[in-house]
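Dear colleague,

I am passing on the structure below, and my notes on it follow directly after. Please read them with the coordinates open beside you.

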Amino acid sequence: MVNQSKKTLDTNITKLVNQPYKYGFSTSIEKDIIEKGLNENVIHIISQKKNEPEFLLQFRLKAYKKWKEMKCPEWAQLKFSEINYQDIIYYSAPKIKKKLDSLDEVDPELLATFEKLGISLTEQKRLTNVAVDAVFDSVSIATTFKDELAEYGVIFSSLSEAVQEYPELIEKYLGTVVPIGDNYFAALNSAVFTDGSFCYIPKDVTCPLELSTYFRINDQNSGQFERTLIIADENSQVSYLEGCTAPQYDSNQLHAAVVELVALKDANIKYSTVQNWYAGNEFGQGGIYNFVTKRGLCAGLNAKISWTQVETGSSITWKYPSCILVGNNTQGEFYSVALTNNYQQADTGSKMVHIGKNSRSRIVSKGISAGQSKNTYRGFVNVNNKAIGARNYSQCDSLLIGNGSNANTFPFISVQNSTTKLEHEASTSKIGEEQIFYFLQRGISLEKGIELMISGFCREVFTELPLEFAAEADRLLSLKLEGSVG
Amino acid sequence: MNSNPPILEIKNLRTSINENEILKDLNLTINKGEIHAIMGPNGSGKSTFSKVVAGHPAYEVIGGDILFKGSTILNLDPEERSHLGIFLAFQYPIEIPGVSNEDFLRLAYNSKQKFYNKPELDPIEFFSVITQKLELVDMSPSFLSRNINEGFSGGEKKRNEILQMIVLDSELSILDETDSGLDIDALKIISKGINTFMTSNKAIILITHYQRLLDYVKPTYVHVMQNGKIIKTGSAELAKELEIKGYEWLK
């Protein structure tokens with residue numbers, strides 16, 4: 001019966017919607033954790049545990065003071081219950097007996113965890129052209145290819161290590177792009193950040209490997225507050241990728257990260273993210289609250305920063321990777337695919353601030369919303385009166401799947417000089433039953449049809465991803481989406 | 001079992017959508033080599049009929065049977081029906097942003113190849129196949145890189161449907177108002193495409209409002225559908241009569 005074929009279609013859909021989250025397992029491991037709650041004493045403890053110099057403790061305390069005076073922003077199109085900051089553990093680290101000299105000393109349980117996530121840290125199996133820094137809850141576990149990179153003068157390590165080894169670089173740059181009081185979540189992060197990645201590319205060096213950090217939240221009650229700082233000195237180039245996963249819990253975990261990029265004269269930084277935090281179940285329970293501040297500073301002439309993000313996870317995403325184009329002829333780019341399904345909510349976009357002459361920026365945002373989810377693009381293009389000849393091109397496309405989802409676009413533009421050239425394009429389309437039937441009638445399966453439509457919709461963004469990850473992103477999206485039509 | 005069953009046999013078919021009964025006791029038999037025209041006033045169930053044969057999930061079959069070459073297809077998914085050789089040229093071909101015609105056509109072609117355990121074609125091999133077919137509907141190769149039906153004129157959309165029919169080489173093709181909204185040149189191109197495509201092993205159902213198309217594509221039978229069933233069947237002459245008299249006199 002036709003009725004029956006509808007049922008088959010529906011069953012397929014249900015099966016595919018309920019694709020289990022592949023990374024939902026948790027690792028049981030002996031941990032060094034501190035009491036729940038946030039106060040000055042906790043900040044002292046974190047700083048002490050990390051053996052930090054005085055300037056960093058002061059940085060944290062100042063940030064904490066600011067944070068206490070601030071309020072959680074309410075302008076985003078997000079609904080969530082109030083976060084109890086006293087119910088979060090601010091430091092959770094796997095117990096490590098002594099300082100690690102080689103991977104052999106890393107707890108095999110941890111290595112196995114990353115192995116299971118597809119990130120091999122061991123010598124034999126690691127990716128040959130990608131250096132990885134693996135962060136587990138509050139600390140960095142291992143960084144691969146450190147010595148190889150050092151030959152080129154490239155510093156790639158955990159932020160904690162960098163604080164010990166290169167305190168002068170940290171003191172000079174930390175908090176310069178995202179000031180401690182920038183926003184509520186940046187202030188919180190500045191007060192309690194525990195680890196993250198640090199990267200410095202010296203003058204005239206093109207980083208020989210892709211650099212990447214893999215973030216894993218494991219503990220149910222701890223927040224993850226990592227901080228990444230990348231400095232590309234004059235005429236240097238680097239491509240950096242971050243990946244994120246978390247176990248499946250029915251409570252929400254807070255992730256409030258800060259990423260700061262500094263590109264000096266003629267430098268080029270490409271920063272890509274594949275975010276696949278646990279998104280909560282089909283009833284909207286659990287999942288990560290992802291409040292992230294990412295900003296890049298194109299400080300010198302001709303500097304270029306490019307953000308590419310594929311956001312598929314988290315129950316809440318609040319994230320606006322931005323570029324401050326200070327130098328003349330600087331370039332900022334933002335390419336984004338944000339996918340929401342079930343009850344996920346994403347409020348994401350970009351900010352481009354034009355200060356330098358002839359600075360150029362480009363925003364390409366693709367939002368896909370399925371299920372009962374909410375997907376919002378929020379952008380701000382600000383052209384200063386000094387930015388003679390500045391140009392911006394923005395494109396925001398939304399794709400709705402089914403009838404229950406929601407897409408919003410809030411582009412905000414402020415131009416203070418008449419030499420600016422600005423373009424904005426937006427579109428909304430829908431994958432509905434009729435499109436699917438068109439594919440089916442031509443003998444193309446539901447899965448293939450959706451895959452084709454999604455990859456077509458996202459093509460402009462995926463081509464910006466490092467090659468190794470473009471295919472993965474494609475697969476990730478179709479996996480998350482298949483079956484949300486019906 | 002008949003050794004040479006009709007391509008399509010509709011037996012006492014009753015269907016509904018949202019509990020509205022649309023097709024009421026429909027009967028129709030179509031043999032190889034035949035072209036059937038189905039005419040009838042708006043809302044008589046012509047488009048519903050085409051979608052039900054193709055297996056659209058929104059319609060529920062509440063009685064009767066549809067046999068394709070002697071076997072029921074009621075329990076088959078739309079894509080299986082397509083593989084077996086049932087093609088529907090849509091009345092309003094839908095736009096699919098972000099997917100090129102070439103990828104779509106190749107995927108459709110290869111899906112069928114795969115179903116019959118035949119080798120799939122890579123993009124280069126497929127390109128040489130498709131360029132020959134393009135000529136049959138007078139389309140330039142530049143159309144391949146455009147997204148499916150996106151920004152197509154009405155005529156281009158309809159030609160695209162005929163192209164897909166030719167590529168899939170379907171045995172039973174249902175053309176739902178493929179002639180509506182076409183200018184006379186486009187109508188000629190499409191008719192030529194249909195006539196070149198038609199062989200003694202195939203069958204075509206033309207759903208149309210106008211006699212015009214039937215001047216170019218000669219039907220074996222003309223049926224009049226009203227209120228969910230066929231109320232009159234005749235030769236090509238019947239269409240001419242309808243053109244003059246309308247449907248009222250049949251009541």
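Strand 19 of chain A is joined to strand 21 (residues 391-401) of chain A by 10 bridges, and the two run parallel; strands here are DSSP runs of E with at least two residues, helices are DSSP runs of H or I with at least four, and both are numbered from the N terminus, while two strands are taken to pair if DSSP finds at least two bridges between them. Within this pairing, A:Ser369 has A:Leu400 of strand 21 of chain A as its bridge partner. Another 10 bridges join strand 17 (residues 331-340) of chain A to strand 19 of chain A, again in parallel, and there A:Val337 stands opposite A:Lys366. Strand 19 (residues 360-369) of chain A is largely enclosed by the rest of the structure, because nine of its 10 residues are buried; a residue is called buried if 20 or more other C-beta atoms lie within 10 Å of its own, exposed if 12 or fewer do, and partly exposed in between, with the C-beta atoms placed from the backbone.

Before going further, please note that this is a predicted model, in which local features need pLDDT of at least 70 and side-chain atom pairs count only at pLDDT 80 or more, whereas totals for chains, interfaces and linings use all residues. Residues are numbered from 1 along each chain as its sequence is written, and chains are lettered from A and ligands numbered from 1 in the order in which they are written.

Chain A as a whole has 11 helices and 23 strands, and buried residues make up 55% of its 486 residues. Of the contacts in chain A with a separation of 6 or more, 84% are between residues 24 or more positions apart, where two residues are in contact if their C-beta atoms, placed from the backbone, lie within 7 Å.

Strand 8 of chain A runs parallel to strand 6 (residues 197-201) of chain A, with four bridges between them, and A:Cys199 has A:Ile230 as its bridge partner. Strand 8 of chain A is also parallel to strand 11 (residues 258-263) of chain A, to which six bridges join it, and in this pairing A:Leu229 stands opposite A:Glu260.

Among the helices, helix 3 (residues 54-69) and helix 8 (residues 184-192) of chain A pack at an angle of about 145°, with their axes 7 Å apart; the axes are lines fitted to C-alpha atoms over the stretch in contact, and angles run from 0 to 180 degrees between N-to-C directions. The residues in this contact include A:Phe59, A:Tyr64 and A:Trp67 of helix 3 of chain A, and A:Tyr184 and A:Leu188 of helix 8 of chain A. They divide into eight nonpolar, one polar and two charged, where Ala, Val, Leu, Ile, Met, Phe, Trp, Tyr, Cys and Pro count as nonpolar, Asp, Glu, Lys and Arg as charged, and the others, Gly among them, as polar.

The contact between the chains takes 26 residues from chain A and 30 residues from chain B. On the side of chain A that touches chain B, helix 1 (2-17), helix 9 (433-441) and helix 10 (446-462) of chain A each supply at least two residues, and the residues of that side divide into 10 nonpolar, 10 polar and six charged.

In chain B, helix 1 (residues 46-54) has nine of its nine residues buried, and just after this helix B:Gly55 takes a positive phi of about 90°.

Two asparagines of chain B deserve a look at their backbone. Most residues other than glycine have a negative phi. B:Asn18, in the loop between strand 1 (8-17) and strand 2 (20-30) of chain B, has a positive phi near 50°, and B:Asn18 counts as exposed because it has 8 C-beta neighbours inside 10 Å. B:Asn149, in the loop between strand 8 (147-148) and helix 5 (154-168) of chain B, has a positive phi of about 60°, but B:Asn149 is buried, with 21 other C-beta atoms within 10 Å.

With best regards
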